[in-house]
Amino acid sequence: MEKIKNDYFDLLGRFCRKEQEAEQSLSYYAQQIESGQFSKTAGAHCRYCAFENACKEKGVS
């Protein structure tokens, strides 16, 4: 859980600094969720995910 939290905050920080790699990663995940092809395992780590609401809205499980 700690690794997931750290990875999330690292990605968020890189995105806020407008690093292209972070923007590409977020765009990729958003496309995967939108298309229903994002496989995830729901759990306590979801509270750190920027896509938590999108996943729940799309019914991804």
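Tutor: The questions below concern a predicted model.

Student: At what angle do helix H1 and H2 pack?

Tutor: Helix H1 covers residues 2-16, and its axis lies 7 Å from that of H2. H1 passes H2 in a left-handed crossing. The packing angle is about 120°.

Student: How do the residues of the contact of H1 with H2 divide by class?

Tutor: From H1, Leu11, Arg14 and Phe15 take part, and they meet Glu21, Ala22, Glu23, Ser25 and Leu26 of H2. By class, these contact residues are four nonpolar, one polar and three charged.

Student: Does Gln32 count as buried or exposed, and why?

Tutor: Gln32 is placed in helix H2, residues 20-35. Leaving aside neighbours within four places in sequence, Gln32 is in contact with Gln37 and Phe38. Buried means under 20% relative accessible area. Because the relative accessibility of Gln32 is 17%, this residue counts as buried.

Student: Which element gives the largest share of the lining of the largest pocket?

Tutor: The largest pocket has a volume of about 500 Å³. Of its 19 lining residues, Ile4, Tyr8, Phe38, His45 and Cys49 are the closest to the centre. The elements that give two or more residues to the lining are H1, H2 and helix H3 (52-58). The largest share, four residues, comes from H1.

Student: How many residues in the lining of the largest pocket are nonpolar?

Tutor: The lining has three polar and four charged residues. The number of nonpolar residues in the lining is 12.

Notes
Residues numbered from 1 in each chain as written. Predicted model: local features only at pLDDT ≥ 70, side-chain atom pairs only at ≥ 80, totals over all residues. Heavy atoms only, no water. Buried < 20%, exposed > 50% of the residue type's maximum accessible area, 1.4 Å probe, protein only. Contact = heavy atoms within 4.5 Å. Axes fitted to C-alpha atoms, helices over the stretch in contact; angles between N-to-C directions. Left-handed = near helix turned anticlockwise from the far one by under 90°. Nonpolar A, V, L, I, M, F, W, Y, C, P; charged D, E, K, R; others polar. 1 Å grid on protein atoms, 1.4 Å probe; cavity = no way out; pocket = protein on both sides within 12 Å on 5 of 7 lines; lining within 4 Å. Points joined across faces, edges and corners; volume = space filled by probe spheres on them.
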